[in-house]
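This briefing is meant to be read with the sequence and the model open side by side.

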Amino acid sequence: MATIDDYVAQVEGTCGAEKDVIVIFKYEKKDEAITNILRKATLKNKIAGIIFELSFQDTSFRLYSSGKAIFRSIKNREELNKLLSELLL
Amino acid sequence: MNNLAKGDEVLVSLMEHHSNIVPWEITSKLKGFTLKYAQVNSDGTLDYDDFESKLCGKTKIACLSHVSNVTGVINDVKRITKVAHDNGALMLIDGAQSVPHLPVDVQDLDMDFLAFSGHKMLGPTGIGVFYGKKEVLEKMSPFQGGGEMIKEVEFSQSKGRCRVSWNELPWKFEAGTPNIAGAVGLGAAVKYLEGLGMDNVLNHEKELTHYAVERMKENSKVTIHGPSDLTKKLGIIPFSVKDLSSHDVALFFDNYGVMMRSGYHCAQPLHQVFKLESSARVSFYVYNTKEEVNRFVDILRELDQL
């Protein structure tokens, strides 16, 4: 059974007062991750097919075709993991 | 460490990289000396009056960046060093952002110590240079023990202890097997930069910085932080884009294969001076071109769509 670890290479807290979280998807799984996320999240804006402004369960985030996503207002790792599970799996 | 005690003062500025703040905060707690911070003006330049007024007979050492890693502001370290010496203090200069980018003459500037990193000047990571005046280093005790830094380690049967004497400079401060590969790599980088000529390196960066700042001003959503007088700074431009976090900006550029630093840049106190949560930072070196500046500005314009 797939887990979020199959998709996620790294999670980084941003440096700065904003406390955003950047998720970097594994290179070989990034296209699949992007497809899954786009299928489940609501698209608010799309720029040149490479940047997607999305929302899911009251959480706004941006997804980049390079295989990275930036999430805001995430309280802790558990909340992020729950969100990623629902988006990816 | 051995030369600092309760009652002494160490002076730094609010524009320092964390690497010139955190070690002093740690050692001040261990040794009990007072750590003082000189103010920075709202444009990121040093408040010279404040720095100089905080230098006094109690100040053992003053520490200052030659060039800010956030704004590129160039500090007049010759002036500050003179005032430090007039007050009987030693002067340490963080040259991590100056030595790679402009000619630095330690004899003319007269600082007692100068530190800089290999990886900021085309060299390897994990190695750097710590320059010290010979007469100052000779008075100092080693901070690390091990091989090479000793002259003799003689065991006394009667005392049951070893009598240790120190090696000559510079080995006195080079305990253990050194980072030989790193030193060879850094030496090659130094030779390469000397071949280019540091005046040429400086002029190239100035040209790109002036060009980039002018082009960035075309974008009404962009705010550039730091001094507007470009003669006061080198090739580092911190900026913000309206309604976007610096991380959004950096990830946007990442999509186009352009690497950019976002966040505090290891200088949170300076961001507090600027009242910023973070900033994006574009910077230039010898390998960058005007065409790349144009590409940067073009991508910046595309951010309008976000």
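Helices, counted as DSSP runs of H or I with at least four residues, and strands, counted as runs of E with at least two, are numbered from the N terminus. On that basis, the secondary structure of chain B comes to 10 helices and 12 strands. The model is a predicted one, and every value below is computed from it.

**Overall build of chain B**

- Taken along the principal axes, the C-alpha atoms of chain B fill a box of roughly 80 × 45 × 35 Å.
- Chain B has 306 residues, of which 37% count as buried.
- Among the contacts in chain B with a separation of 6 or more, 65% are accounted for by residues 24 or more positions apart.
- Helix α1 of chain B, residues 22-31, lies largely in the open, because the number buried among its 10 residues is one. Just after α1(B) comes B:G32, which takes a positive phi of about 85°.

- In soluble globular proteins, nonpolar side chains tend to be buried together.
- The largest nonpolar core here has 81 residues, and B:A62 and B:M91 are those with the most contacts inside it. The element that gives the most to this core is helix α8 of chain B (residues 246-255), with five residues.
- Once its neighbours within four places in sequence are left aside, B:A62 is in contact with B:L11, B:L55, B:I80, B:A84, B:A89 and B:M91.

**Packing of two helices in chain B**

- Two packed helices are described by the angle between their axes and the distance between the axes.
- Helix α7 (residues 198-216) and helix α10 (residues 290-302) of chain B pack at an angle of about 20°, and their axes are 10 Å apart. Because angles under 35 degrees count as roughly parallel, α7(B) is described as roughly parallel to α10(B).
- The crossing of α7(B) and α10(B) is right-handed. On the α7(B) side the contact is made by B:L208, B:Y211, B:A212, B:R215 and B:M216, and on the α10(B) side by B:K290, B:V293, B:V297 and B:L300.
- Sorted by class, the contact of α7(B) with α10(B) has seven nonpolar residues, two charged residues and no polar ones.

**Contact between chains A and B**

- How many residues of chain B are in contact with chain A? There are 14 of them, and they are in contact with 16 residues of chain A.
- The largest share of the side of chain B that touches chain A comes from α8(B), which provides seven residues. By class, the residues of this side divide into four nonpolar, seven polar and three charged.
- B:E277, placed in the loop between α9 (268-274) and β12 (279-283) of chain B, is in contact with A:G16, A:A17 and A:E18 when its neighbours within four places in sequence are left aside.
- With 16 other C-beta atoms within 10 Å, B:E277 is partly exposed. B:E277 and B:S245 are 32 residues apart in sequence, and their C-alpha atoms are 8.4 Å apart in space.

**Backbone geometry and loops**

- Most residues other than glycine have a negative phi, and most peptide bonds are trans.
- A:D58, in the loop between β4 (51-56) and β5 (59-64) of chain A, has a phi near 65°, a positive value in a residue other than glycine. A:D58 is exposed, with 6 other C-beta atoms within 10 Å.
- B:E148 is not a glycine either, although its phi is positive at about 75°. B:E148 is found in the loop between α5 (134-139) and β7 (150-156) of chain B, and is partly exposed, with 13 other C-beta atoms within 10 Å.
- The peptide bond from B:L169 to B:P170 is cis, with omega near 0°, and B:P170 lies in the loop between β8 (161-166) and α6 (180-196) of chain B.
- B:E168 also lies in the loop between β8 and α6 of chain B, where it is exposed, with 8 other C-beta atoms within 10 Å. From C-alpha to C-alpha, B:E168 and B:V70 are 38 Å apart in space, and they are 98 residues apart in sequence.

Terms used. Residues numbered from 1 in each chain as written. Chains lettered and ligands numbered in written order. Predicted model: local features only at pLDDT ≥ 70, side-chain atom pairs only at ≥ 80, totals over all residues. Axes fitted to C-alpha atoms, helices over the stretch in contact; angles between N-to-C directions. Parallel < 35°, antiparallel > 145°, perpendicular 65-115°, else oblique. Left-handed = near helix turned anticlockwise from the far one by under 90°. Contact = placed C-beta atoms within 7 Å. Nonpolar A, V, L, I, M, F, W, Y, C, P; charged D, E, K, R; others polar. Core = buried A, V, L, I, M, F, W, Y, C linked by C-beta atoms within 7 Å. Buried ≥ 20, exposed ≤ 12 C-beta atoms within 10 Å, placed from the backbone.
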